[in-house]
Every structure is written in C-alpha cells, then in structure tokens.
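Here is a short report on a few local features of one structure. Please look at the sequence and the model before reading on.

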Amino acid sequence: MTTTFNEYEQFVLQEMARNAVSTNPVQATLELMGKPVAKLMEAAHSSTNKYVVKAVSSIDATIEKSLRGTIKIAKRMTSDDAVRKEYRKNHRIEIGRMEEIRQLSLKEMDIVADTFEVSNGFFVTAEGAVMGAVTTLSAGVLIPATVAADVTASMTLMSRHICQIAASYGYTPVDSMNIPHVLAAMAPASASSDEGFLSAKAAAFAEVRAATEFAKGMSGELTAELAEKSCPSLIRLIQKVAERLGVVITQKELGMIVPVAGAVINGGLNLAFQQMNHIHAKDYFRKLHLANKYGEDAVHLALADEIRRLKSKVS
C-alpha cells in the first residue's frame, strides 16, 4: 500500500534527505576536528578490558547527566507560554494542552519552531562574543576554565533552544515523558561533531590568547616581515587585511583589534553550531510527527527513496 504524503510533507521529506546527504561546511569541519577523539572513544567502547569498560561507562553517564542538567536549567529559562504565544501570533491558534499541537499541520509546527532560531541565535552569539573577548583579559592559565565556562553557558542556551523546538512540535520538556525525545534531538548528527565543537572552542581560545600575548610584546608597527615570523595565525590574518585596506596597525590598535576578533570568532562558532543543531532537532521532530501519522516503516521507506534519488543525481 502506497502512503500518500501531502505536498508540504513531500517537501519536508526532500529537505530531510538533503540534510542527510549533504554535510554542511560547519559540520564537516567539526567532524574533522573531532575525529581523533571520536576514534579514541569508539575504540574504548569496543574494548573488553573491564577497567576501560568501567571508565567509558562512567564518561557516558557523566555526559548524559550533564545534558540532563543543562535541560533542567534551560527549562527554567523558558516556558510553554512562549510557544503558545507564537502559535497565537503566527496562526491565530489558541493552545491549551501542549499535546494538542501534534494534531496541527507540519507546516504550522515548522513556522513556529523557526521563530525561535533568530532570538536564540542572538543570545548564543552574544554569549560567545563576551567569552571570546574575556579570553584576551584572562591569564593564560585560566584558558581551560574559560573554555569550560563558555561551553557550559553556550550548551545551556542551545539546550533552551532545543526545548523550545520540542515544545513547538507538541513535546514539551515540562513533561518528563518527553525528555528522551529532547535528548535524542540534542544528539549530534555524527559521533565526532560534538568533540569537534569542543576542539574548535579550545583552539579558538588558544589562538586568541596567543595573539593577545603577541600584541603585548610587540613594539612599533605591525609589518608583513613581523607577521611572517613565528606568530599566531590570527595576527597574520589581521596584517593581511590591514595590508589590503592600506592601513598601518600599531601595538595600541592591535590591542584593540584582538579582543574584537576573539569575540567575532567565538560568537560565530556558537552561532554556526546552533544553526546546525536547529536543523538536526527540527528533522528529528519532523520525522517523529510523520512516523506517528503514517507509521515508521512508511516514513523510513519514503526517506530512503529520496536519499537514493539524490545520490543517483550526484553520481
């Protein structure tokens, strides 16, 4: 028996297939950076050594506990009323029990879920920008602590975003029965993307800190000859931009530019990661909605057909 999806649902299946086939540049970069750690964890998970198994189990439990902790905090930072307000504003629909949302059309749900992307993008970018600038003012020994604080804050804000997406599809995190769905929506698209995010954070903080130390020790003007010496990549980038613009960078100006560059880099990294998570979480709840409506097998087959069609075009 052939399942008949409506026009918008067919569009969603095609979009989900594209997301599955085409890895965006941000995800590809994070996967590359996180691959060494992911391979190490994969080897540890397949180990039969009882001590390794015990250590891995402890790590997995700690990660899940941390995720549940960020969700708990994120729940306090938002409410179902924010989702009700968006349904009222965008569709003139009054929502009573949040489960009522599941009876609405997928298009209506998508529109509401997307309204939270901009506001949460602002907050997560601002947090990253502030922490990126703070790095230039902290001592080098504080970088691990700064990275940890930044990751905790950014993950909490991103958890809040996922909670709002979940509620937009009728799976409010207020109901503990829905927490497994929220955790599943937060799961990385690949095993190495989360590790890549942490690695990118650490690398960005270290680079900004190195640029700060270089600026402090520099005297006179920043020249091409000085930048070509063993100096941070960020300094070389600043020098090349200044050269193209035909301006001269002094120590004082460099000391002002580096914190701004740190803010832009870290804030941009947060925003890119959040947008990747937004797509992944939306697709999770879209698939869940379609599976509840048509059955898991029907959705699985339809999605597999779309993926095959896209791959055949590429080849």
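H278 touches A113, D114, E117, H161 and I165, leaving aside residues up to four places away in sequence. Contact here means heavy atoms within 4.5 Å. H278 sits in helix α11. H278 is buried, at a relative accessible area of 3%. Buried means under 20% relative accessible area, exposed over 50%, and partly exposed in between, with a 1.4 Å probe and protein chains only.

This is a predicted model, in which local features need pLDDT of at least 70, side-chain atom pairs count only at pLDDT 80 or more, and totals for chains, interfaces and linings use all residues. Residues are numbered from 1 along each chain as its sequence is written, and side-chain values use heavy atoms, with hydrogens and water left out.

**Helix packing**

Helix α10 covers residues 233-245, and helix α11 covers residues 251-294. Helices are DSSP runs (H or I, at least four residues), numbered from the N terminus. How do α10 and α11 pack? Their axes are 11 Å apart, at an angle of about 110°. The two helices are therefore roughly perpendicular to each other (65 to 115 degrees). Axes are lines fitted to C-alpha atoms over the stretch in contact, and angles run from 0 to 180 degrees between N-to-C directions.

From α10, L234, I235 and I238 take part; they meet L254, I257, V258, A261 and I265 of α11. The residues of this contact divide into 8 nonpolar, no polar and no charged. Nonpolar covers Ala, Val, Leu, Ile, Met, Phe, Trp, Tyr, Cys and Pro; charged covers Asp, Glu, Lys and Arg; the others, Gly among them, are polar.

**One face of α7**

Helix α7 spans residues 179-186, and its buried residues are I179, V182, L183, A185 and M186. Seen down the axis of α7, they fall within an arc of 160°, so they line one face of the helix. The arc is that of the directions from the helix axis to the C-beta atoms.

**Aromatic pairs**

The whole structure holds 6 aromatic pairs. Rings of Phe, Tyr and Trp (its six-membered ring) pair if their centres lie within 6.5 Å; planes under 30 degrees apart are stacked, over 60 edge-to-face, and the rest tilted. Two of the pairs are listed here.

| Pair | Centre to centre | Angle of planes | Type |
|---|---|---|---|
| F122 and F123 | 5.6 Å | 70° | edge-to-face |
| Y284 and F285 | 5.1 Å | 90° | edge-to-face |

F122 is exposed, at 56% relative accessible area. F123 is partly exposed, at 42%. Y284 is partly exposed, at 24%, whereas F285 is buried, at 0%. Y169, Y171, Y284 and F285 form one aromatic cluster.

Technical notes: Angles under 35 degrees count as roughly parallel, over 145 as roughly antiparallel, 65 to 115 as roughly perpendicular and the rest as oblique.
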